[in-house]
Amino acid sequence: MLLLDPIQTWTVDAIAALREQEDLPFVRADASGLVVEINQRFREVYGWTDETLLGQSLGLILPENFRDAHHAGFARFKLTEVSKVLNHPLKLATFCANGAAIDSEHFIVAEKHSDDSWSFAATLRPLSMDG
């Protein structure tokens, strides 16, 4: 597991290293929570394609009962730039394109850009299949 300083500045190289870490599924979203990037391993494990997920809400891959809290967390982070979920593993269900859920360990980081906007990247380690 990659251990990180919670106030680390995420560079393009650091995000690239996270993206390729152990060939784990990777997803990146913009400050509005819209998916802007997935890697091949994410496509293979969760069944999503660029056409079905890019530009869509990150909420599509989260349990329905968690989506409101997730959106509230994004809004709170925009105001405070403080988060309790960044830079440590979280166990969450991840929804596949076919509706199945896979318990996954999410490791989420935030990147502040030169224009003061944020993006969020995560590796996901699949733990088990639902059903």
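Analyst: Buried means under 20% relative accessible area, exposed means over 50%, and partly exposed is in between, with a 1.4 Å probe and protein chains only. This is a predicted model, so local features need pLDDT of at least 70 and side-chain atom pairs count only at pLDDT 80 or more, while totals for chains, interfaces and linings use all residues. Residues are numbered from 1 along each chain as its sequence is written, and side-chain values use heavy atoms, leaving out hydrogens and water.

User: Ok. Is Arg43 buried, exposed or partly exposed?
Analyst: Arg43 is partly exposed, at a relative accessible area of 24%.

User: And which side chain does Arg43 meet in a salt bridge?
Analyst: That's Asp50, at 2.9 Å from N to O. A salt bridge here is a side-chain nitrogen of Lys or Arg within 4 Å of a carboxyl oxygen of Asp or Glu. Asp50 is partly exposed too, with 28% relative accessibility.

User: How many salt bridges are there in the whole structure?
Analyst: The search finds five. Another of them pairs Arg41 with Glu44, at 3.2 Å from N to O.

User: How far apart are Arg41 and Glu44 in helix α2?
Analyst: They're three residues apart in α2 (residues 40–46), so about one helical turn separates them. Helices are DSSP runs of H or I with at least four residues, strands are runs of E with at least two, and both are numbered from the N terminus. Arg41 is partly exposed at 31%, and Glu44 is partly exposed at 49%.

User: What does Arg125 form a salt bridge with?
Analyst: Glu105, with the closest N and O atoms 3.6 Å apart. Arg125 sits in strand β5 and Glu105 in strand β4 (residues 101–112), so this pair ties together parts that are 20 residues apart in sequence.

User: Switching topic: where does Ser119 lie?
Analyst: Ser119 is in strand β5, which covers residues 118–129. It counts as buried, at 5% relative accessibility.

User: What is Ser119 in contact with, leaving aside neighbours within four places in sequence?
Analyst: Its contacts (heavy atoms within 4.5 Å) include Arg28, Ala29, Asp30 and His113.

User: Last one: how do strands β1 and β2 run?
Analyst: Antiparallel, with three bridges joining β1 (residues 26–30) to β2 (residues 35–38). Two strands pair if DSSP finds at least two bridges between them. Val27 has Ile38 as its bridge partner in β2. The hairpin has four residues between the strands, and Gly33 there takes a positive phi near 85°.
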